[in-house]
Amino acid sequence: MAIPLSQIVFIEEQAAGIGKSAKIVVHLHPAPPNKEPGPFQSSKNSYIKLSFKEHGQIEFYRRLSEEMTQRRWENMPVSQSLQTNRGPQPGRVRAVGIVGIERKLEEKRKETDKNISEAFEDLSKLMIKAKEMVELSKSIANKIKEKQGDITEDETIRFKSYLLSMGIANPVTRETYGSGTQYHMQLAKQLAGILQAPLEERGGIMSLTEVYCLVNRARGMELLSPEDLVNACKMLEVLKLPLRLRVFDSGVMVIELQSHKEEEMVASALETVSEKGSLTSEEFAKLVGMSVLLAKERLLLAEKMGHLCRDDSVEGLRFYPNLFMTQS
Amino acid sequence: MRNPGLPGWEPGPKRDAASGGPGGGAGRGPRSGMHRRGVGAGAIAKKKLAEAKYKERGTVLAEDQLTQMSKQLDMFKTNLEEFASKHKQEIRKNPEFRVQFQDMCATIGVDPLASGKGFWSEMLGVGDFYYELGVQVIEVCLALKHRNGGLITLEELHQQVLKGRGKFAQDVSQDDLLRAIKKLKALGSGFGIIPVGGTYLIQSVPAELNMDHTVVLQLAEKNGYVTVSEIRASLKWETERARQVLEHLLKEGLAWLDLQAVGEAHYWLPALFADLYSQEITAEEASEALP
């Protein structure tokens, strides 16, 4: 079942609503007399609606719009089974109904354009004001740099929270709290509460991506940005909370219970590997019930500490007990 | 809180209430007790006073500017609220408008997605949209990692995310995905975006991929696989360099070796297999993904 693109006059989107799916309305020229037989011989409507029950309408609309702009069918050889209809041309005979519809569509499109341009205009005005805020914050930051720390802690905290509200990167980093603000301090305390149990369930250690998913899924709304999470976690140790942030050599970031001693876990990892002779990260992960990401980090740490050595081949990365150490 | 640098509070002999303190009748400048000191001490005292005055001015300036910023921030918040009441829906429904919005923010040096506590996020709701998308991206990548080693095309990711979102959720564009992924980089688990042949490969594991690896991935994008000869011909590399890059990709699980291919060994990138696009994520894979 197909309709030649040349048959299309105009397309427009209809947003989804409650109980109805998103649609693209495709307005068509009248059918040529020699049209191929199809589901219907004729219709009182001069348009069809494409219904998108499960998304895809954004990309489809974009591609169809592109095709309507390029009008490639006009460059194709005429000898095609589907009759080509050239676009609106002077002197072409149209059914009266179509003219009325086209005019209405044109008005509607202008209206939509107007709505969009109004939004865009308002946005531009807003951005001008936002830019003023950015300039002001730069000037304050310069003053702070000039004064070389003669600014009170209170003022620093205030300034940082202003930057956070606007989404302006902090140009002045303070050793004590980094980019953290009061908000992040509170967040750190909250996290300590939320993560205690999940950490215990997972052997005392979780990757930051796991934490991000866990926390945001639990929240449902007013979600944390990745940076919020990182900034809060950076404050865990300073605030003497029972969790800490740790960054491995690979750049992987994890949250550990203070009581968790990864180096001690390495000893048990060595036992496990020895029992099996050798293990890859995936095998170890499955045995121990950890994520592959963290399993790999543990094995790498064991290697760094000298307990394991690697066999890195195209078959994968495999770890063996380091017999050079134990059997000298 | 009194600032000891303010004039009128020069450390020294105590004054009685009538003549001392800021705003007191005695005014500013060297005090009556000064002329009792020697010339040297007087000069030092003068210098101290000058420094104190300078500091005071400096503090007041920052104080002033911070107060000014606080006021302007309140005004801006009001403007943003107004904007949100008129156009929040537009941002929600129109991905092109979202792109314009993001681009303009970037131009002026503002990151609307830096924090969920930011005005943009709170009032326009842009935060929740992208942060939730981030969670969905992480879950899809985790579920498919064992198939593709942690590399996936933007197209496939897009399809899988849309499936996972369900019928009634808001539609998302590829641009939306890219922005969400850029934010995920902060979490340190190796999220990266690699441009290949007009689209992008999304990396979700901390495998190190340098320029050489990236270029070979781009070469492989055409057919889904690459050979040593192809690399030598297109990139003009020595065989050894090509082999090293391919070995690295194999070791990281991003490429599979096909020794039975006609001619020479083919190195396939599962991330680029078009056939896998429509495959469902199995229940087992999904349970891998959820923490």
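**Figure 1. Asp175(B) counts as partly exposed, at 23% relative accessibility.** Buried means under 20% relative accessible area, exposed over 50%, and partly exposed in between, with a 1.4 Å probe and protein chains only. Arg179(B), with a relative accessible area of 15%, is buried. These two side chains form a salt bridge, and their closest N and O atoms are 2.9 Å apart. A salt bridge here is a side-chain nitrogen of Lys or Arg within 4 Å of a carboxyl oxygen of Asp or Glu. Both residues lie in helix 6 of chain B, four residues apart, about one turn of the helix. Helices (H or I, at least four residues) and strands (E, at least two) are DSSP runs, numbered from the N terminus. The model is predicted: local features need pLDDT of at least 70, side-chain atom pairs count only at pLDDT 80 or more, and totals for chains, interfaces and linings use all residues. Residues are numbered from 1 along each chain as its sequence is written, chains are lettered from A and ligands numbered from 1 in the order in which they are written, and side-chain values use heavy atoms, with hydrogens and water left out.

**Figure 2. Confidence along chain B has a mean pLDDT of 81.** pLDDT is the predictor's confidence in each residue, from 0 to 100. In chain B, 77% of the residues score at least 70. Within this chain, helix 6 has the highest confidence, at 95, and helix 10 (residues 283-289) the lowest, at a mean of 68. Over residues 1-34 of chain B, pLDDT stays under 50. For the complex, the predictor gives an ipTM of 0.74 and a pTM of 0.71.

**Figure 3. Chain A and chain B meet through 69 residues of chain A and 74 residues of chain B.** Contact means heavy atoms within 4.5 Å. The two chains bury about 6500 Å² between them, 67% of it on carbon and sulfur atoms. Leu66(B), Met69(B) and Leu187(B) supply 11% of the area that chain B buries against chain A, more than any other three residues. Buried area is the accessible area (1.4 Å probe) that two parts lose on being put together, summed over both.

**Figure 4. Between chain B and chain A, 18 residue pairs are in polar contact, with both residues at pLDDT 80 or more.** Several helices of chain B each supply at least two residues of the side that touches chain A, among them helix 2 (95-108), helix 4 (126-148) and helix 9 (239-251). Helix 1 of chain B gives the most, with 22 residues. The residues on this side of chain B divide into 32 nonpolar, 24 polar and 18 charged. Ala, Val, Leu, Ile, Met, Phe, Trp, Tyr, Cys and Pro count as nonpolar, Asp, Glu, Lys and Arg as charged, and the others, Gly among them, as polar. A polar contact is a pair of N or O atoms within 3.5 Å; within protein, one must be able to donate a hydrogen and the other to accept it, and residues adjacent in sequence count only if both atoms are side-chain atoms.

**Figure 5. Five salt bridges cross the interface of chain B and chain A.** In one pair, Asp122(A) and Lys86(B) meet at 3.0 Å, N to O. This pair runs from helix 2 (residues 96-147) of chain A to helix 1 of chain B. Asp122(A) is buried at 15% relative accessibility, whereas Lys86(B) is partly exposed at 45%. Lys183(B) and Glu227(A) form a salt bridge at 2.7 Å, N to O. A network of salt bridges links Glu303(A), Arg310(A), Asp312(A), Glu247(B) and Lys251(B).

**Figure 6. Arg246(A) and Glu256(A) form a salt bridge, with the closest N and O atoms 3.4 Å apart.** Arg246(A) lies in strand 5 (residues 243-247) and Glu256(A) in strand 6 (residues 253-257) of chain A, so the pair ties together parts that are 10 residues apart in sequence. Glu256(A) is buried, at 0% relative accessibility. A search of the whole structure finds 27 salt bridges over all chains.

**Figure 7. Helix 6 (residues 226-234) of chain A is largely enclosed by the rest of the structure, because seven of its nine residues are buried.** The buried residues include Pro226(A), Leu229(A), Val230(A) and Cys233(A). In chain A, the buried residues of this helix pack against helix 4 (182-201), helix 5 (208-219), strand 5 and strand 6; in chain B, they pack against helix 4 and helix 6.

**Figure 8. Glu59(A) lies in helix 1 (residues 57-70) of chain A.** Its relative accessible area is 15%, so Glu59(A) is buried. Leaving out residues up to four places away in sequence, Glu59(A) touches His158(B) and Gln174(B).
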